[in-house]
Amino acid sequence: MTDHTNFEMHKEARRITDKEMISAILKHCHVATVVMHDEPYPYAVSMNYGFCWEEKPIFYFHMAQTGLKLSLLQKNPKVMLSIHDWLDRAGYQPYRKENHDYRSVNVFGTARIITPEDEETFLKGMSVLQQNNYRPPVKQLTTRMRDRLFVLEVTGEIITAKSQYPISTLEEVPMPENVPNTPK
């Protein structure tokens, strides 16, 4: 089994380890692919998310109260999140001699299902999710939430992050915009 805490990354100079920089990447992105254990192949689903980072990063998603995700997570709560932002520079001037740009974060963690009965945690998770997606926080449970939704909470245990080229400041986290090619 791969030791994700201690592996050498291809192009190690592009690894990002600073918590503030990783948080800034996560704030720019809005979709995480949640990868769960299934047989014979992993099961992956893309979902919007919210996160907060105190001692460890905690990600929040909303999900239906029935279905494959729920059954897989009940069998094995270990998950992987793949979060990235991508910019294609085809037809534009390269930046740092690169024809595309990306920032990516992988999170290995443990999922926990939050039911509406745990109202305080449920509302916190929904509010963090809403705010990360530019919506107002959730102040109270609605009948629809109580009857149809669970909150998926994923606590990150291992995080790896990388960019197309080495970055060292928060100002470098947003990718520079494409500049049109100049006619010859």
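What follows is a short chat about the sheet and the helix beside it.

Guide: Heads-up: this is a predicted model, where local features need pLDDT of at least 70, side-chain atom pairs count only at pLDDT 80 or more, and totals for chains, interfaces and linings use all residues. Residues are numbered from 1 along each chain as its sequence is written, and side-chain values use heavy atoms, leaving out hydrogens and water.

Visitor: In what order do the seven strands sit in the open sheet?

Guide: Strands here are DSSP runs (E, at least two residues), and helices are runs of H or I, at least four residues, both numbered from the N terminus. Two strands pair if DSSP finds at least two bridges between them. The pairing is antiparallel, and the order is β2-β1-β5-β6-β7-β4-β3.

Visitor: Which are the edge strands?

Guide: Look for strands that pair on one side only. Those are β2 (43-48) and β3 (50-53).

Visitor: What angle does the direction of helix α2 make with that of β2?

Guide: Helix α2 (residues 68-75) packs on the sheet, with β1, β2 and β4 among the strands touched; contact means heavy atoms within 4.5 Å. Axes are lines fitted to C-alpha atoms, for helices over the stretch in contact, and angles run from 0 to 180 degrees between N-to-C directions. For α2 and β2 that gives about 115 degrees.

Visitor: How many bridges join β5 to β6?

Guide: These two run antiparallel, and methionine 80 stands opposite phenylalanine 108 in β6. The bridge count is eleven.

Visitor: Which residue in β5 stands opposite valine 34?

Guide: Four bridges join β1 to β5, antiparallel again. Opposite valine 34 stands leucine 81.
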